[in-house]
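Here are my notes on the model you sent. They are set out as numbered points, to be read beside the structure.

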Amino acid sequence: MNKRPWWKTAVVYEIYCKSFCDSDGDGIGDLRGVISKLETLRDLGINCIWFTPLYVSPQVDNGYDVADYRAIDPIFGSMEDFKELLDRAHSMGIRIIMDMVLNHSSDLHPWFQESRKSRDNPYRDYYIWKAPREDGSEPNNWGNYFEEGNGSAWTFDETTGEYYFHQYSSKMPDLNWECKALREEIYEMLNEWLDLGVDGFRLDVITRLKKMPGLPDSTLPPVPGKEPFVIDKNMCCMVDGIHDYLQELNQRVFSRPDCMTVGEGSGLRSWNVMDYVHRDRKELDMVYHFELAHLMRHQIPNALYTDVQTRWAEVVRGGGWCVQYLSNHDIGRQVSTYGEDGTFRIPSAKLLATLIHTTPGTPFIFQGEEIGMTNVHYDSIEDHNCLATLARYDKLIGQGMEPKEALLATEKVSRDNARTPYQWNGGENAGFTAGKPWLKVNSRAGEINLEKDLASDDSIFRYYRKLCDMRKEHPAIVEGDLRFYGEDEQVLCYTRSCKEETLLILANKSSSSAEFSLPTELKGKKGVLLLSNLSPDVLLQENMHLSPWEAVVFSIQ
Ligand code: GLC
């Protein structure tokens, strides 16, 4: 019989190292900082860490621009620090997965430095080069995602008189996966990380490795404001042939025992994901999708939530797997986006956590979520760091918008919301650094920090701990079937059931109280309260009164 893979029962914690904990006062979080907090993470109950890129990088996109895949960037520490961290984490039962950016590298990577030297350089083919059109313009009309420069995904390089391709920044040229020599180098490098002892990989924009053969113009209309350039997913995302790369990656690397892979699933939906994650396909173990996270500024309507979760539960039931999350380093803080970060910050943070941890798949926590950290407001664009935020702001200013208005418009979706330093305590710089933080601390740090949270009877951190424990103790959380009941606009009502047990979850996802009648099928059931985010003695009754953002989990019979 197949044993259940470890990652199905895991709770993953994402560390954005730059902002986690600074041990040496240079204002940048580092590995020794993480080592000093491993006990805290163990106490939270997590058993896997995902590190966003730690490799040598000019940090144009905070490490997603890799200049050496084999070495730790000195701003984070040394390889020795990393090995120590790995050993210590393993001894506490915490696994480590590394972020791998295989779609592009930094323009300072030696491969690109070589590639740009001449058209017949042995590394030329590691990247995607193309001659200008007759009028000298870009080889096609594809746009870049960061809205950088004139918006094109091509940058002209004087030395060889050709353009190179980049879906993101011009400082992050796309790697050419058609090139076998490149693929071999990548496999070797990934295997070296596994040899070192890491437990798997998070794969950055992995659906984008394959580009449309011939790199033709897109026939879609340009996005207003980005003319003449077009963002056309069909050209670079999930293009036919992508599965050849993923299967080769799996054969050469990911199939090693206990290696976990999670793909960033740009473009993936429940109906097209199976080929990537079905266990028999031998590609990826799981992906995370954007069907909820793309809402960015909005509450999630219950009907939509129910629909998305029901469809992904089918993926899980059918032999695939997925991630449950509502935040990461690229989107706003979940309590500000989908919860309520004023009066109801604490119960809404706990309610959202309850949803993440009681729906099918592996829960991912993004650092700070477990203390209810919120979006940030800065007084000036100067305080921002995110490349995409700065480019968007410049664009709005270019279109004639007032600076204040442009700042408000950009900050709502800025990735910096998630990237502000971790708030450890109410002291200077929230206890994150003894120096000047690379990104300003959120002004709410005095009110929202770990020390204060732990001192309170209403701790969010301890609630997360209970959720992590529940995952270990209740098989229905990991493998139970999911079923939603009714279409109440305020209250979500669903069960998870397996042969051993049935759990019932009720969640009032709103800032007003709710009167809720149990659906007929559940009337008369006896319930034992397992978890509650507001009151310790809620009884399961036919007619329930739920306070704003109240969430309860019962074991029912
Ligand atoms: C992914 C990362 C993001 C990065 C981008 C380009 O979306 O999560 O932070 O900027 O890929 O590497």
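This is a predicted model: local features need pLDDT of at least 70, side-chain atom pairs count only at pLDDT 80 or more; totals for chains, interfaces and linings use all residues.

The points below go from the whole chain to single residues.

1. Overall build. The protein chain contains 18 helices and 20 strands. Its radius of gyration is 24 Å, close to the 24 Å that the globule rule gives for 557 residues, so the chain is as compact as a globular protein of that length. Along the principal axes, the C-alpha trace spans about 75 × 55 × 50 Å.

2. Interior and contacts. Of the 557 residues in the protein chain, 59% are buried. Taking contacts between residues at least 6 apart in sequence, 70% join residues at least 24 apart.

3. Charge. The protein chain carries 60 positive and 85 negative side chains. The centres of these two sets lie 4 Å apart. The structure holds 39 salt bridges, and the next points take up some of them.

4. Aspartate 61 and arginine 415. These two form a salt bridge, with 2.9 Å between the closest N and O atoms. Aspartate 61 sits in the loop between strand E3 (55-56) and strand E4 (68-72), while arginine 415 sits in the loop between helix H14 (403-411) and helix H15 (416-419), so the pair ties together parts that are 354 residues apart in sequence. Are the two partners buried or exposed? Buried means under 20% relative accessible area. Aspartate 61, at 5%, therefore counts as buried, and so does arginine 415, at 12%.

5. Arginine 281 and glutamate 283. The side chains of this pair also meet in a salt bridge, at 2.9 Å from N to O. Arginine 281 is partly exposed, with a relative accessible area of 27%, whereas glutamate 283 is buried, with a relative accessible area of 2%.

6. Lysine 472 and aspartate 469. Here the closest N and O atoms of the salt bridge are 3.9 Å apart. Both residues belong to helix H17 (residues 460-473); because they are 3 residues apart in it, they are separated by about one helical turn. Lysine 472 counts as exposed, at 52% relative accessibility.

7. Tryptophan 424. This residue lies in the loop between H15 and helix H16 (450-455). At 6% relative accessibility, tryptophan 424 counts as buried. Leaving aside neighbours within four places in sequence, its contacts include Phe20, Cys21, Lys37 and Thr40, as well as Ala430, Phe432 and Leu450. Tyrosine 145 is 279 residues away along the chain, and the C-alpha atoms of tyrosine 145 and tryptophan 424 are separated by 34 Å.

8. Aspartate 204. The loop between strand E9 (200-203) and helix H7 (233-236) holds aspartate 204. With 7% relative accessibility, aspartate 204 counts as buried. What does aspartate 204 touch, not counting residues up to four places away in sequence? The residues in question are Tyr64, Asp99, Met100, Val101, His104 and Glu264.

Definitions and conventions: Residues are numbered from 1 along each chain as its sequence is written. Side-chain values use heavy atoms; hydrogens and water are left out. Helices (H or I, at least four residues) and strands (E, at least two) are DSSP runs, numbered from the N terminus. The radius of gyration is taken over C-alpha atoms; the globule rule is 2.2 Å times the number of residues to the power 0.38. Buried means under 20% relative accessible area, exposed over 50%, partly exposed in between (1.4 Å probe, protein chains only). Contact means heavy atoms within 4.5 Å. Lys and Arg count as positive and Asp and Glu as negative; His and the chain ends are not counted. The place of a charge is taken as NZ of Lys, CZ of Arg, CG of Asp or CD of Glu. A salt bridge is a side-chain nitrogen of Lys or Arg within 4 Å of a carboxyl oxygen of Asp or Glu.
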